[in-house]
Amino acid sequence: MEASDENGERSGSTMQERLQRRHQARIEDAERRKESKRSQTVAEEKTEYFVSTFNSERAVIEELLSGCSGANRADVTQKLEETTAKIAQLQKFLNDHMFVLSQYQLKTSQAALQKLQASLADIREEALPKKKFAFRTRAKAADNVPAQVTDRPSPADSGIIRVDGSPASEQCGFSKMSNEFLTKTAEEIQNRDVLLTHLTNCKVRLFGSPSTLHLKHIEGCEILCGPVATSVFVDHCRNSVLAFPCQQLRTHNTTDTQVYLHVTSRAIIEDCRRVSFAPLSWTYPDMEEDFSVSGLDQDRNNWSQVDDFNWLAAGIPSPNWTVIPEEDRKTTWDP
């Protein structure tokens, strides 16, 4: 009798445990469903936020671009600079929200961005065509004066081209030089467009505030420039060290290059590898005055805020650029 009672108690205890486990499993399953629903709701809210914000920002950019029609050159330049910065911000916004988007939403957003970039390029080409530079190589005299973009072309210099009716004196630079120390004063570059192209193993010092700075086909050079009022464009640069303040930096096809930077928007790289950044450390006696001429904000420096147009992985740093460690940063510049 006692054994029967004991077996009954064990059987009842086992049944109770089973019921409790089943009840606990139901509770956990219900919690999982609730959590899944909450996660889905959050994802939907994030998606809705992305779509709303993306479309709103896209409309602002489209309005800026449409405002270029009929505007004067100064207004167009300002609008295009603002548009470029906003497109870069929108690209980053897309990168940061890729994980909540469907493949269709991602492709649609990327296509919309590409369309904006194409419209920007078309309007810039139409309203502000790239200035064409021509160079005249002077025979080396006893003073070994480097070849430069000519400021006062003679009729015999048929290679000199004026663009948009602007005088050649608005353009200057150096071209096709190797193993030279090249310099220009503030009077020579102030408010002008400066082009440095096909330079190899040269040291360049540009004192003053140019309007824009273009660097193309640079190899093994050290190029330092005073405050650039608008943009610096770098293309096909290798094994070089660059230093300058500017409003915007666009870098293409560049490898193994260090950039010491003061930039008031965000730097942009594309098709680049092993590019590294540090805050600007080069100074010269009249730099404060040149900052005033350029209109750049000395208190605003986004040197480490770099957008890589070839890197779309959200939350993962681009492998194409790095920050130069403090102990490795260059502090002595003059030869």
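A: Let's start with what counts as a pair: rings of Phe, Tyr and Trp (for Trp, its six-membered ring) pair if their centres lie within 6.5 Å, and the planes make them stacked under 30 degrees apart, edge-to-face over 60 and tilted for the rest. By that rule, ring pairs link Tyr-49, Phe-50, Phe-54 and Phe-93 into a cluster. Across the whole structure, the search turns up eight aromatic pairs.

Keep in mind that this is a predicted model, where local features need pLDDT of at least 70 and side-chain atom pairs count only at pLDDT 80 or more, while totals for chains, interfaces and linings use all residues. Side-chain values use heavy atoms, with hydrogens and water left out, and residues are numbered from 1 along each chain as its sequence is written.

Some background before the details. The protein chain has five helices and 12 strands, which are DSSP runs numbered from the N terminus (H or I and at least four residues for helices, E and at least two for strands). Of its 335 residues, 39% are buried; buried means under 20% relative accessible area, exposed over 50%, and partly exposed in between, with a 1.4 Å probe and protein chains only.

Back to the rings. Among the pairs is Phe-207 with Tyr-284, which is edge-to-face, at 5.2 Å centre to centre and 85° between the planes. This pair links distant parts of the chain, 77 residues apart: Phe-207 is in the loop between β4 (203–206) and β5 (212–219), and Tyr-284 is in the loop between β10 (273–279) and α5 (287–294). Phe-207 counts as partly exposed because its relative accessibility is 26%, whereas Tyr-284, at 10%, counts as buried.

Another pair brings Tyr-260 and Trp-333 together: their ring centres are 5.0 Å apart and their planes are at 90°, so the pair is edge-to-face. Tyr-260 belongs to strand β8 (residues 241–263) and Trp-333 to the segment after β12 (321–323), so here the pair ties together parts 73 residues apart in sequence. Both Tyr-260 and Trp-333 are buried.

Lys-330 lies over the face of Trp-333, at 5.4 Å from the ring centre. (For a charge to sit over a ring, NZ of Lys or CZ of Arg must be within 6 Å of the ring centre and within 35 degrees of the ring normal.) Elsewhere, the charged end of Lys-184 sits over the ring of Phe-174, 5.0 Å from its centre.

Now look around Tyr-260. Ile-324, like Trp-333, comes in the segment after β12. Setting aside residues up to four places away in sequence, Ile-324 touches Tyr-260 along with Gln-258, Ser-276, Phe-277, Ala-278 and Arg-329, where contact means heavy atoms within 4.5 Å. Ile-324 and Phe-277 are 47 residues apart in sequence, yet their C-alpha atoms are 5.6 Å apart in space. With a relative accessible area of 4%, Ile-324 is buried.

Leaving out neighbours within four places in sequence, its contacts are Val-234, Ile-268, Ile-269, Glu-270 and Cys-272.

What about disulfides, meaning cysteine sulfur atoms within 2.5 Å of each other? The whole-structure search finds zero. Cys-272, the one Thr-251 touches, is in no disulfide, and its nearest cysteine sulfur, that of Cys-237, is 9.2 Å away. Cys-272 is buried, with a relative accessible area of 4%.

Most residues other than glycine have a negative phi. Asn-253, found in strand β8, has a positive phi near 50°. It counts as partly exposed because its relative accessibility is 30%. Asp-271 has a positive phi too, near 55°. Its place is the loop between β9 (267–270) and β10, and at 42% relative accessibility Asp-271 counts as partly exposed.

Terms used
Disulfide = S-S within 2.5 Å.
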